Every structure is written in structure tokens, then in C-alpha cells.
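Colleague: I have this model open and would like to talk it through with you. Could you start with the packing inside?

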Amino acid sequence: MSLHISIIGGGYVGLVTGACFAQLGNKVTIIEIDQRKIDSINKGIPPIYEEGLEEILKKNSGTRLFATNSYASVAESDVSIICVGTPPNPDGSSNLEYIRSAATSIGEALKDNTRYHVITVKSTVPPGTTEKIVLPEVRRNSGRDSDTLGFCMNPEFLREGRAIEDFLHPDRIVIGSSDEQAEEVLKNLYSTLNAPIISTSLTAAEMIKYTANSFLATKISFSNEIGNICKKLGIDVYDVMKGAGLDHRIGSHFLNAGAGFGGSCFPKDVSALISLAESVGERPQLLHAVIEINEKQPHKMLELVRKRIGDLKGKRIAVLGLAFKDNTDDIRDSRSIPVIEELIKEGADVIAYDPMAMINMKRLFPSITYAKSIKDVLKDADGCLIMTEWPEFSHLSEEFSLMKQPPVILEGRRIIKRPEVEGICW
Ligand SMILES: NC(=O)c1ccc[n+]([C@@H]2O[C@H](COP(=O)([O-])OP(=O)(O)OC[C@H]3O[C@@H](n4cnc5c(N)ncnc54)[C@H](O)[C@@H]3O)[C@@H](O)[C@H]2O)c1
Ligand SMILES: O=c1ccn([C@@H]2O[C@H](COP(=O)(O)OP(=O)(O)O[C@H]3O[C@H](CO)[C@@H](O)[C@H](O)[C@H]3O)[C@@H](O)[C@H]2O)c(=O)[nH]1
């Protein structure tokens, strides 16, 4: 059965969720406050790069998928799904201002209406947010009681760059709910997807998301710690993690050592969990270590380049890869940012290249040079730092002859398998 869904927030998660639910046959209205995104979505042009998204938007925009700044559609829809941002406050805790504001607007839109409606939180929020902020805010502003309103918390696990695939083929779907009727509506919404459904309380669903991201981040920092030890001992950490990861109790995913994790989720969510733990009197030592290791990894790139080149003042250093990972133009918390900052501080002549993320990085570092091609970035470079696991970098070989010889090529990702390339922790 197809439903009418209102998606609040048309960013990465909201747009992918909306586009996929429209593709599955539902009517979807995306409610956004950014007019640029609204216009772009309605024209069928994704405001972000995400593989496969443009095709789905082109097929569904104007027929089953609409974007607007008005909350009016909420009253006519069966479900509203909150996908607004939950950025970090300066102390690491989650800023829930957008969540509160979305809940207020949903409540106002549901006033004077009796149709059953499920309000679902998909944003990553600290346990208790749906129950203590969203639920009372919607009830107060709508003036409606629990009989005609249901509440769910349905965390999202998609990865950027593979978001459509992850959304349509999830490992599991977690549905935290206030009552059975609300849970049934969400189960129905996901009925065409082939994945196990885990039904929980609202708070457990919220906690599952933080736990999953913190565990994955822990695997990466653990691999980096082992990698740093291996580097000193002259052992290849990739052989080590392969050998360890094949034990099914460990698992071979997310054991790639390197410059650490970036992106809009891992750093923010681990910090939010630390802040939450400390607010209830727990000191989460392991989570603190996960962040600390991650902060130090990019600086190891600098230590290594100084060791190989010496004083960096006036040296031409090529930074290959600016996005926080491959297949995205997103630079949020990218590990290339602290590296570029430090290179600039040391007086290096920085030239950067990325297949997709240069426009975004230019806003942050307008004064460094941006190359038009891989050949351009490598030409006459004293050193090259590889910061993103773009598959197109894996074929590089001849291009390194353009650099000053012998070339100093340092990797923060394990993407090029050539003898002249030195890894940060291998
Ligand atoms: N990006 C990811 O890969 C990912 C994956 C899983 C979960 N999450 C979580 O999902 C949430 C959203 O993340 P995102 O990356 O999509 O953020 P985003 O910043 O890309 O998008 C949020 C959107 O919400 C809009 N918005 C803010 N307030 C609004 C309001 N009151 N009404 C309507 N629109 C409003 C903003 O303009 C923005 O376009 C976060 O909690 C994040 O942690 C993100
Ligand atoms: O073995 C690994 C795997 C990843 N990374 C780095 O970790 C970061 C995050 O990568 P990835 O998890 O692929 O990207 P995200 O899009 O940030 O996805 C994560 O964050 C999302 C937002 O919460 C979740 O929904 C996803 O499940 C979770 O994987 C990137 O900088 C990667 O380079 C490593 O260093 N080593």
C-alpha cells in the first residue's frame, strides 16, 4: 500500500529517503527551509552528489516527489519523517534546535485535524529526544492527544556515496515506537524492502544508532593504533588486519588503517555519546581514546613528510583527495583539512586535487592552488599526500614521474600498491 509521506529536511538523509520512498511508489513531499535545495529538487537536479540519485529524481520529481517550504502537506500525509541536522555544540553534545523547530512546525500543521499521523525521527538524536522533546512539542502545538498521533524513531544507517544502495538494501531496519499502531505504519512503509526489522523502544532505537557508529569508529581507531605499532616494527598492518579480521567474531570490514575517519557522522556521533555519558556521570574511556587516536592520525602524515623532505617552507606539496572518502563531494571533517591547515602553517606551497570536492574545499581554503588534473597536481611537486580512497588514484604510476625525483609519495589510505609509495602506518 502506498502512503503519503512528508520528509522534514531535504539534506543527504532526507533527500535520499524521500527519493527512495517515491521510487517505491509512495507520494513524498520534502519540506525544506533552503529555497536553493527546493528549486533544485523540483527541477530533478540533486543539490548533492550521490550515485544514482539524479536518475531517481528525474523519474519522480513533479509526479510523486515534491519539495516545498510549507508544512501544509503534513496534515494530509500518513507519516512525517524528521531528517533535519543535529550538529555538534561546542562541547560535543547534540544541538537539537532544528529537531525542536521541526517538531513545533509539525504540531502546528496537525492542529484542527483528526487523521491518524505518525511522527518519525530519522535524524541521529540522543536517547530521550523523541520522547522528551518531539512528542511533547508536537502534542502541545497540535493540541491533539495520543489516540490520533503515533511516534517512532527509525535511525538511518546509509553511507554517503553508497546511500541509495544502502537505503534500498539495508542490513536491518530499526523501528522504535510509542505504540503498536505506529509501529505497524512504519512496518508497512518498509514492507517492500527485504531486511530484518528490529522493533524496540524509542530510546533503544536512538541508542542503537550511536552504538553502531561508535563501534565502527572504534574499529578504525583500533586498526590505526595497531598500524602505528606495526609501522615501528616494519610489519604490514593490512596483512595483520586481514589475518585477524577473517575470524568471524572480529569481521573484516572497517579495519582499514590510515589517516582516520572523517565525515559528518563518526566524529560528531562519538563526541555526542561521550557528552551524553558524562552527563549521567560515566567517563567513557574507550570513546575518548577513539577520538584522540583519530585526531592524531592526520598529524602523522605531517611527521612523515617532514622526515622525508625536511623543512616544508616553500616546498610544493600535492594533496590528492579532499573529500572525507571516495564517491562524494562532502568535505565535512575530512582528514585532509587538518593536513592542509598544518602545511599552510609551515609555509608549504599547497596544490590540491579531488575529482569532486574542490568546489567545497575552495570555500574553506580559498588561497591554496587547485589543480585541473592529476598530472597538474603532481607536476614538479616535492611531495604528494594521498588523503582519500578514490579508486581512480589506484591506477597512478607513470604520473609520479612528473614529480621531483625521487618522488616522496605518502598515503593516508591504502589505495596505491607501488613500492615507492609509503603508508602512514605501513
Ligand atoms: N549524512 C549521512 O550520511 C547520515 C547518515 C545517517 C544519519 N544521519 C543523520 O541524519 C540527520 C541529517 O543529516 P544530513 O547529513 O542529512 O544533514 P544535512 O545538513 O545534509 O540536511 C539537513 C537539512 O535539514 C534542513 N532543515 C533544517 N531545519 C529545518 C526545518 N525546521 N524544517 C525543514 N528543513 C530543515 C536543512 O536546511 C538541511 O537541508 C543528522 O542527525 C545526521 O546525523 C546522517
Ligand atoms: O576501514 C575504514 C573504513 C572507513 N574509514 C573512514 O571512515 C570515514 C567514514 O566512512 P563511512 O562509514 O564509509 O562513511 P559515512 O558516510 O560517514 O557513513 C557512516 O556514518 C553514517 C552516518 O551516521 C552511517 O549511517 C553509516 O552507517 C556509517 O558507515 C571515512 O573518512 C573513511 O575514509 C577508515 O578510515 N577505515
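Colleague: Which residues have the most contacts inside the largest nonpolar core?

Modeller: They are I8, V16, A19 and I106, in a core of 56 residues; such a core is a set of buried Ala, Val, Leu, Ile, Met, Phe, Trp, Tyr and Cys residues joined through C-beta atoms within 7 Å, buried meaning that 20 or more other C-beta atoms, placed from the backbone, lie within 10 Å of a residue's own. Helix α1 (residues 12–23) gives the most to this core, eight residues, helices being DSSP runs of H or I with at least four residues and strands runs of E with at least two, numbered from the N terminus. This is a predicted model, in which local features need pLDDT of at least 70 and side-chain atom pairs count only at pLDDT 80 or more, while totals for chains, interfaces and linings use all residues. Residues are numbered from 1 along each chain as its sequence is written, with chains lettered from A and ligands numbered from 1 in the order in which they are written.

Colleague: And what lies apart from that core?

Modeller: Another core, of 49 residues, lies apart from it, with L320, A323, L385 and M403 among them.

Colleague: How much of the chain is buried?

Modeller: Of its 426 residues, 49% count as buried, and the secondary structure comes to 15 helices and 14 strands.

Colleague: Switching to ligand 1, which residues come nearest?

Modeller: G9, G11, V13, S123 and T124 do, out of 27 residues around ligand 1, counted when the C-beta atom, placed from the backbone, lies within 6 Å of the molecule. The largest share of that shell, four residues, comes from α5.

Definitions and conventions
A residue is buried if 20 or more other C-beta atoms lie within 10 Å of its own, exposed if 12 or fewer, and partly exposed in between; C-beta atoms are placed from the backbone.
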